[in-house]
Amino acid sequence: MTRRKFLDTTLAGGATLIAGGSTMIFAANSPAVTELGTSSVFRLGGDLPLNRLGFGAMRITGEGIWGWPADRGNALKVLRRVVELGVNLIDTADAYGPETSELLIAEALHPYPKDLVIATKGGLTRPGPGQWVPNGRPEYLTQCVEKSLKRLLLERIDLYQLHRIDPKVPMEESLGALKKMQEAGKIRHIGLSEVSPAEIDRARKVLPIVSVQNQYNIGNRRWEKTLTYCEKERLGFMPWSPIGGNRGLKDNALEAAAKDYHASVVQLALAWLLHRSPVILPIPGTSSVAHLEENMAAAKLKLTAEEWKRVDTLAS
Ligand SMILES: NC(=O)c1ccc[n+]([C@@H]2O[C@H](COP(=O)([O-])OP(=O)(O)OC[C@H]3O[C@@H](n4cnc5c(N)ncnc54)[C@H](OP(=O)(O)O)[C@@H]3O)[C@@H](O)[C@H]2O)c1
């Protein structure tokens with residue numbers, strides 16, 4: 001899909017588009033990032049061009065991220081619309097469902113568009129709905145990669161992320177297993193999740209790391225130091241819960257500011273992330289086509305430097 005078509009499609013999606021007299025906001029100061037009009041592209045690992053606004057496929061599963069969704073046809077529709085809107089980064093994990101998110105992605109989208117990057121993860125087990133328990137044992141992770149390859153109908157996973165560092169297993173052992181899978185051609189790039197700069201440094205002694213996925217949004221900047229590290233080292237930073245996750249973004253001042261810019265608060269939060277750093281790749285999740293269209297239109301929200309300053313002050 002051309003960029004023009006992407007803009008037309010998102011406009012037709014019904015979301016409000018904004019920003020009279022605004023300035024271009026993406027500071028493309030990294031060789032990994034190239035300007036693409038109102039959106040921009042990040043080259044993951046230097047060789048995978050990604051439209052920076054991606055999609056998180058955790059919410060297409062059943063209640064509690066467990067089992068099949070109540071309306072499976074709707075989940076397939078959401079995934080197909082993701083690709084129609086020009087998104088080429090889908091984040092998932094074996095633990096979402098478990099398994100059902102990966103299976104739905106394959107059912108909806110295989111054979112995949114050539115430029116689509118499916119980023120999956122392993123290392124968190126699911127004893128039950130809403131429960132998440134790390135397992136970083138090397139033999140377990142090896143099996144996880146093999147099973148994700150089968151479910152996703154892939155020969156190689158473009159981005160495999162260690163979902164959590166298991167406190168009971170030295171990180172070197174977990175990553176060592178992934179390194180072997182990479183050497184066997186089953187993984188292209190490797191990323192981490194919920195990690196500090198010191199942990200990334202330690203991981204990079206074992207193998208190259210191309211991205212980090214930590215919780216981060218306009219109202220929760222606990223991982224600011226990790227973001228700074230990623231900017232410096234040109235690693236992709238994929239914020240999870242980019243629009244506040246289960247709680248949402250409960251902020252009256254931001255809601256009011258969003259109205260001023262004829263946007264929803266969710267759009268303002270996503271545009272803020274895109275503006276915040278050229279290495280940020282937000283992966284908002286939804287089970288609704290209408291929400292998806294609203295979220296993707298956020299890439300077109302442009303504010304002036306003054307306006308962003310106001311938003312930042314309100315949010316902090
Ligand atoms: N690495 C990790 O440990 C980790 C942890 C959690 C998540 N993730 C990844 O990050 C992705 C995003 O995180 P997340 O799903 O927790 O949080 P999120 O994207 O911040 O929020 C998703 C929630 O917002 C709602 N929503 C989406 N668009 C909306 C809109 N336009 N208006 C109103 N509500 C809207 C969704 O409900 P509806 O379905 O009703 O739209 C859903 O409840 C996940 O899909 C997953 O891929 C990673």
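How many residues surround the ligand, and which are the closest? In this predicted model, the ligand is surrounded by 25 residues. Gly56, Met58, Trp240, Gly285 and Thr286 are the closest. Helix H10, residues 289-296, gives the largest share of this shell. That share is three residues. By residue class, 13 residues of the shell are polar. Eight are nonpolar, and four are charged.

Confidence was examined next. The protein has a mean pLDDT of 89. A pLDDT of 70 or more is reached by 88% of its residues. Over residues 1-31, pLDDT stays under 50. The model still has 60 contacts beyond four places in sequence for residues 1-31. Over residues 33-38, pLDDT again stays under 50. Here the model has 18 contacts beyond four places in sequence.

Lys186 was then considered on its own. Lys186 sits in a loop. The loop lies between helix H5 (171-183) and strand S10 (187-193). Around Lys186, 19 other C-beta atoms lie within 10 Å. A buried residue needs 20 or more, and an exposed one has 12 or fewer. Lys186 is therefore partly exposed. Beyond its neighbours within four places in sequence, Lys186 is in contact with Val145, Leu149, Arg156, Ile157 and Met181. Ile157 is 29 residues from Lys186 in sequence. In space, the C-alpha atoms of Lys186 and Ile157 are 6.2 Å apart.

Key
Residues are numbered from 1 along each chain as its sequence is written. This is a predicted model: local features need pLDDT of at least 70, side-chain atom pairs count only at pLDDT 80 or more; totals for chains, interfaces and linings use all residues. Helices (H or I, at least four residues) and strands (E, at least two) are DSSP runs, numbered from the N terminus. Two residues are in contact if their C-beta atoms, placed from the backbone, lie within 7 Å. A residue is near a molecule or strand if its C-beta atom, placed from the backbone, lies within 6 Å of it. Ala, Val, Leu, Ile, Met, Phe, Trp, Tyr, Cys and Pro count as nonpolar, Asp, Glu, Lys and Arg as charged, and the others, Gly among them, as polar. pLDDT is the predictor's confidence in each residue, from 0 to 100.
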